[in-house]
Amino acid sequence: MWAILLVEDEVFVRETLRDTVEWERQGFYVVGEAGNGKEALTAILELKPDVVIADIVMPGMDGIELLKETRKAGIRSRFIMLTAMSDFEYARDALQYGAFNYLLKLSLNDEVLLENLARIKGELLEELSVASEALYPYFHRIWSGIRGTVAAADQDQTGTIAVTEKFHGLELEIYTILSGAVPAAAEKMNIQTEEYLLVQLFHEGGQTTFFCWSFGKKAACANRHKHNLSIGMAYGSSLSQLSQDWRLALNQLNGYWYGSMGGQLKERHELPPIAELEAELIRRFEARDERQCTEVTALMWKSMEASLFSHVEVKILAAHLVHMLAMLAGRKSEYRQELDSAISHASLLVHVQQVIHKLIQQMKEEHVSFTDHPEVNRVIQYMLEHFKENIKIADLAKLVSINVDYLSTVFGKKTGLTPIAFLQNIRIEQAKRLLLHSKLNVEEIAFQTGFADDAYFIKVFKRMVGQTPSSFRRENNT
């Protein structure tokens with residue numbers, strides 16, 4: 001509730017003010033009282049009330065001076081000044097220094113006071129709504145941390161300092177739902193927006209989060225959502241607890257993401273690690289073996305479920321896999337939005353498998369005329385499809401049924417390189433893609449690109465690229 005400080009040197013008048021209004025019913029509470037201006041200033045500096053109702057004429061520090069000192073301290077409390085008929089000059093000064101209004105003591109009644117409080121409440125709510133816009137960059141930083149795209153140290157409250165005071169003392173309730181490509185409506189989640197001071201919507205990564213701000217706990221809301229497994233919730237939160245409580249609410253969606261048996265797979269101990277499955281997927285993809293790719297991705301999804309990956313982590317890995325395979329296929333990765341829109345583990349697997357099918361079909365159907373010589377083109381195509389194998393120039397000559405020397409001569413004329421040099425280029429370019437878009441180590445990449453051992457791979461890579469594979473990965477993955 002909005003805090004009010006009562007300042008009046010006459011005890012009877014102050015008590016009358018306190019008892020005149022059902023403050024809590026109007027959304028306010030009396031945070032303190034003061035009998036003179038000096039006491040009031042000390043209370044204002046400590047309590048920072050939203051509203052101050054103060055007499056103008058008081059011994060020592062009068063109401064005008066109190067207002068001036070409050071503004072000097074940078075506190076924007078609304079002042080309602082009380083005055084007698086003869087205090088009109090004071091009242092005019094009060095308005096000049098930013099008082100909200102002045103009321104005549106002789107005509108003061110419930111109706112007049114409530115009207116002024118209602119207007120102040122409207123202004124406070126409007127200020128809160130405007131201030132809330134400055135929170136969205138902070139929400140995005142927290143979300144990036146949850147997605148693992150920024151370091152935890154970067155998740156500070158820079159940019160929110162100016163508005164934090166507006167939310168001091170307010171309680172935050174967090175509601176999350178897997179909504180797909182379109183934000184969820186508050187009504188769908190049974191959120192009664194009129195019960196809150198402010199409701200903010202945040203839609204990213206296929207999920208919708210509602211940040212609901214109020215003055216206190218809403219047990220009724222908790223009961224409404226208690227048995228709804230499709231909604232994640234966190235109560236009693238605040239800006240300082242936002243990161244941990246938002247994660248808590250998101251993780252409550254994991255059961256819905258996997259289904260009732262999520263994380264209960266009996267064969268958990270039999271599943272290979274994700275890193276091994278990723279390496280196997282790369283091998284099968286490069287071999288254009290769609291059936292094996294389907295089987296490997298299904299195993300990856302089972303492994304993630306058995307390992308209790310959160311739905312956010314699953315989407316992160318799915319995006320990594322699709323990006324990596326698209327790069328290996330020489331395509332742009334344009335599937336992030338579709339991946340994020342998945343609302344279940346099974347549907348995301350289907351989508352990833354569909355992307356793999358599309359990429360493999362495009363690679364199979366692609367016919368590039370590398371040169372104007374058909375035999376040279378066949379040799380190049382064979383190199384692209386079999387570069388992981390131990391290819392010899394005699395094998396290439398046999399493939400196109402021509403003499404080794406003639407193949408070397410015509411290949412050099414058409415490409416400017418010997419067949420072996422051209423093959424090394426293919427292998428090194430593939431190695432670059434794996435270094436940038438996979439988590440395989442250097443030894444595994446050497447094997448994946450047809451080199452006999454990692455030492456020879458490093459030597460060739462450094463000669464052709466000008467730096468070691470590790471240096472290349474480190475400098476280009478920043």
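These are my notebook entries on aromatic rings in this structure.

**Entry 1: the search.** I worked with a predicted model. I searched the whole structure for aromatic pairs and found 14.

**Entry 2: Trp2 and Phe215.** I looked up how these two rings sit against each other. Their centres are 4.9 Å apart and their planes stand at 90 degrees, so I logged the pair as edge-to-face. The cut-off for that label is over 60 degrees. Next I checked where the partners lie. Trp2 belongs to strand 1 (residues 2-7). Phe215 is in the loop between strand 8 (207-214) and helix 8 (219-225). The pair therefore ties together parts that are 213 residues apart in sequence. Buried or exposed? I checked Trp2 for this. Trp2 is buried, at 5% relative accessible area. Phe215 is partly exposed, at 27%.

**Entry 3: Phe461 and Phe472.** I then turned to this pair, which is also edge-to-face. I noted 5.7 Å centre to centre and 70 degrees between the planes. Phe461 lies in helix 21 (residues 454-465), and Phe472 in helix 22 (residues 469-476). The two parts tied together by this pair are 11 residues apart in sequence. I checked accessibility here too: both Phe461 and Phe472 are buried.

**Entry 4: a cluster.** Which residues do ring pairs link into a cluster? I listed Tyr136, Phe139, Trp143, Phe202, Phe211 and Trp246.

**Entry 5: a charge over a ring.** Last, I looked at Phe451. Arg427 lies over the face of this ring, at 6.0 Å from the ring centre.

Note on methods:
Residues are numbered from 1 along each chain as its sequence is written. This is a predicted model: local features need pLDDT of at least 70, side-chain atom pairs count only at pLDDT 80 or more; totals for chains, interfaces and linings use all residues. Side-chain values use heavy atoms; hydrogens and water are left out. Rings of Phe, Tyr and Trp (its six-membered ring) pair if their centres lie within 6.5 Å; planes under 30 degrees apart count as stacked, over 60 as edge-to-face and the rest as tilted. Helices (H or I, at least four residues) and strands (E, at least two) are DSSP runs, numbered from the N terminus. Buried means under 20% relative accessible area, exposed over 50%, partly exposed in between (1.4 Å probe, protein chains only). A charge sits over a ring if NZ of Lys or CZ of Arg is within 6 Å of the ring centre and within 35 degrees of the ring normal.
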